[in-house]
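Here is a short briefing on pockets and helix packing. Keep the structure open while reading.

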Amino acid sequence: MATEQHKTDRLRRIRALHRDIGFFVVGLTVVYALSGLVLTYRDTGLLKREQQVEKTLARGLGSCELARALHLRDLEVIDEDAGMIRFRKGTYNRENGQVRYRAMELPGALKAMVSLHKTPSRSGKHYFALLYSACLLFLALSSFWMFPRASGKRGRGFKMAGAGLVLALLLLIF
């Protein structure tokens with residue numbers, strides 16, 4: 001059984017780690033919080049500007065293939081013939097693969113921040129996301145050791161964590 005001194009030392013180490021990791025993730029948390037807010041309102045066009053986009057795609061695509069290639073779920077074809085597809089905000093030339101369209105996009109810095117939320121596992125950035133997730137998990141779990149058992153605050157912490165868990169489950173269900 002650990003002596004009282006060992007328990008105190010362990011508590012101090014956990015508190016110090018909690019403090020240092022907490023300060024480390026402040027900047028990351030601000031970036032993820034802001035980009036999360038932007039993503040929440042992505043369907044409203046919040047902070048987006050209209051941009052002219054020009055790309056070269058494979059030749060001879062159909063309208064469904066074109067929508068997939070452009071990552072546009074709401075591609076609305078207006079007119080289609082052997083050489084051209086005209087859609088609501090642009091055109092695609094089937095003969096040379098040129099596509100021109102207008103799209104609503106976030107400014108550069110916000111676009112980069114939002115990309116952190118969407119980092120695929122094949123990207124090197126995913127290690128950064130893993131580190132951030134591990135730090136947040138540590139902060140969440142280590143918070144239960146921030147106060148001695150006798151203080152009664154740990155029990156309150158468990159109740160608050162339980163309430164948060166119930167709220168998260170309700171959001172997932174409904």
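Glu 4, Lys 7, Thr 8, Arg 10, Leu 11, Ile 14, Trp 145, Phe 147, Pro 148, Arg 149 and Arg 154 line the second largest pocket. The model is predicted. The points below take this pocket, then the largest one, then a helix pair.

**Second largest pocket**
- Its volume is about 310 Å³.
- Helix 1 (residues 4-24) is the main contributor to the lining of the second largest pocket, giving six residues.
- By class, this lining holds five nonpolar, five charged and one polar residue.

**Largest pocket**
- The largest pocket holds about 1200 Å³ of space.
- It is lined by 29 residues, and Lys 48, His 71, Leu 72, Ala 103 and Met 104 are the closest to its centre.
- At least two lining residues come from each of helix 2, strand 1 (49-56), strand 5 (98-105) and helix 4 (108-117).
- Strand 5 gives the most, with five residues.
- The lining of the largest pocket divides into 13 charged, twelve nonpolar and four polar residues.

**Helix 2 and helix 5**
- Helix 2 (residues 26-40) packs with helix 5 (residues 126-142) at an angle of about 110°, and their axes are 11 Å apart.
- Helix 2 is therefore roughly perpendicular to helix 5, as angles of 65 to 115 degrees count as roughly perpendicular.
- Helix 2 makes the contact through Leu 28, Thr 29 and Tyr 32, and helix 5 through Phe 128, Ala 129, Tyr 132 and Leu 136.
- Six residues of this contact are nonpolar, one is polar and none is charged.

How values were computed:
Residues numbered from 1 in each chain as written. Predicted model: local features only at pLDDT ≥ 70, side-chain atom pairs only at ≥ 80, totals over all residues. Heavy atoms only, no water. Axes fitted to C-alpha atoms, helices over the stretch in contact; angles between N-to-C directions. Helix = DSSP H or I, 4+ residues; strand = E, 2+ residues; numbered from the N terminus. Parallel < 35°, antiparallel > 145°, perpendicular 65-115°, else oblique. Contact = heavy atoms within 4.5 Å. Nonpolar A, V, L, I, M, F, W, Y, C, P; charged D, E, K, R; others polar. 1 Å grid on protein atoms, 1.4 Å probe; cavity = no way out; pocket = protein on both sides within 12 Å on 5 of 7 lines; lining within 4 Å. Points joined across faces, edges and corners; volume = space filled by probe spheres on them.
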